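Visitor: I have a model open and would like to talk it through. Could you walk me through it?

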Amino acid sequence: MRLEAVTRAYGDVTALREVTWSFPRGGLTAVMGPSGSGKSTFLHCASGLDRPTSGSVRIGEVDLGTLKEARLTRLRRERIGFVFQAFNLIPSMSVEQNVTLPLRLAGRDPDPARVAAILRRVGLAERAGHRPSELSGGQQQRAAIARALITEPEVVFADEPTGALDPRTARDVLRLLREAVDVSGQTVVLVTHDPLAAAWADSAVFLSEGRVVDELTAPTVEQLLRRWETL
Ligand SMILES: Nc1ncnc2c1ncn2[C@@H]1O[C@H](COP(=O)(O)OP(=O)(O)OP(=O)(O)O)[C@@H](O)[C@H]1O
């Protein structure tokens, strides 16, 4: 995935300024930066949820800017997975129904063996029939990760996925994202404020005032904290 000179302005606020960045296939990249530095805007532009004011975004060979809305929606559905801080599960649906929703939206029949396998992978095999309200926060986020992975997307965008979780539960969620990279070769972009979360990444990109200002490769918590303090 590559962003080339991506700028996104909202009226007279420029949230991203000429950001050029390549994300290696099969890597876990953390995007860090203070509040208002443009992280969400970055994620929205990179994932095709929003269109840049100028510049281009490519996923593989596809330039998202050339796609009409319906094709962009299809690309998001088929090639991208999303995980959000607030889980965003549908309360009236069971875990299994939530997890298989992206397939059903794409008109595909869920393969029961594959659904069972993904529920096992996130440790929710026994909870398939439960509603989100019957689960802990960590379990809900693991269900959301299963939902993001069910279509076997090339890229998973996770926006503060551990923001609402305690450290131990957060670790389970980060381990699953790490496995998506290490076992399945998927590309994960993790937006986070938390150095403990970013230390799971292969590299951490720092945003400040809409610009990429630094990158740390194989970052440690100490390095991330130190860099964070001088942003
Ligand atoms: N829809 C919008 N309309 C107007 N301004 C916006 C909009 N979305 C974001 N902004 C502005 O763009 C800038 C970057 O916002 P963004 O949400 O991308 O930052 P962030 O790093 O994700 O912040 P946080 O960590 O607080 O979520 C901010 O100044 C914000 O006020």
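Visitor: In what order do the six strands of the open sheet run?

Guide: The order is 6-7-8-3-9-10, with mixed pairing; strands are DSSP E runs of at least two residues and helices are H or I runs of at least four, numbered from the N terminus, and two strands pair if DSSP finds at least two bridges between them. This is a predicted model, in which local features need pLDDT of at least 70 and side-chain atom pairs count only at pLDDT 80 or more, while totals for chains, interfaces and linings use all residues. Residues are numbered from 1 along each chain as its sequence is written.

Visitor: Which strands stand at the edges?

Guide: Strand 6 (80-84) and strand 10 (211-217) do, each with a single partner strand, so one side of each has no neighbour in the sheet.

Visitor: And how do strand 7 and strand 8 pair, parallel or antiparallel?

Guide: Strand 7 (residues 155-159) and strand 8 (residues 187-191) pair in the parallel sense over five bridges, and Val 156 stands opposite Val 188 in strand 8.

Visitor: What lies across strand 3, strand 7 and strand 8?

Guide: Helix 6 does, running at about 150 degrees to strand 8; axes are lines fitted to C-alpha atoms, for helices over the stretch in contact, and angles run from 0 to 180 degrees between N-to-C directions. Contact here requires C-beta atoms, placed from the backbone, within 7 Å.

Visitor: Switching to the core, which residues touch the most other members?

Guide: In the largest nonpolar core, which has 63 residues, they are Ala 146, Leu 177, Val 189 and Leu 190. Helix 6 (residues 167-182) gives the largest share of this core, seven residues. A nonpolar core is a set of buried Ala, Val, Leu, Ile, Met, Phe, Trp, Tyr and Cys residues joined through C-beta atoms within 7 Å, and buried means that 20 or more other C-beta atoms lie within 10 Å of a residue's own.

Visitor: What does Val 189 touch?

Guide: Leaving out residues up to four places away in sequence, Val 189 touches Phe 23, Thr 29, Val 31, Leu 43, Ala 46, Val 155 and Phe 157.

Visitor: How much of the protein is buried?

Guide: Buried residues make up 42% of the 231 residues.

Visitor: Now the ligand, which residues are around it?

Guide: Among them are Tyr 10, Val 13, Gly 36, Lys 39 and Thr 41, where a residue counts if its C-beta atom, placed from the backbone, lies within 6 Å of the molecule. Helix 1 supplies the largest share of this shell, three residues, and strand 2 (13-22) also supplies at least two.

Terms used:
A residue is buried if 20 or more other C-beta atoms lie within 10 Å of its own, exposed if 12 or fewer, and partly exposed in between; C-beta atoms are placed from the backbone. Two residues are in contact if their C-beta atoms, placed from the backbone, lie within 7 Å.
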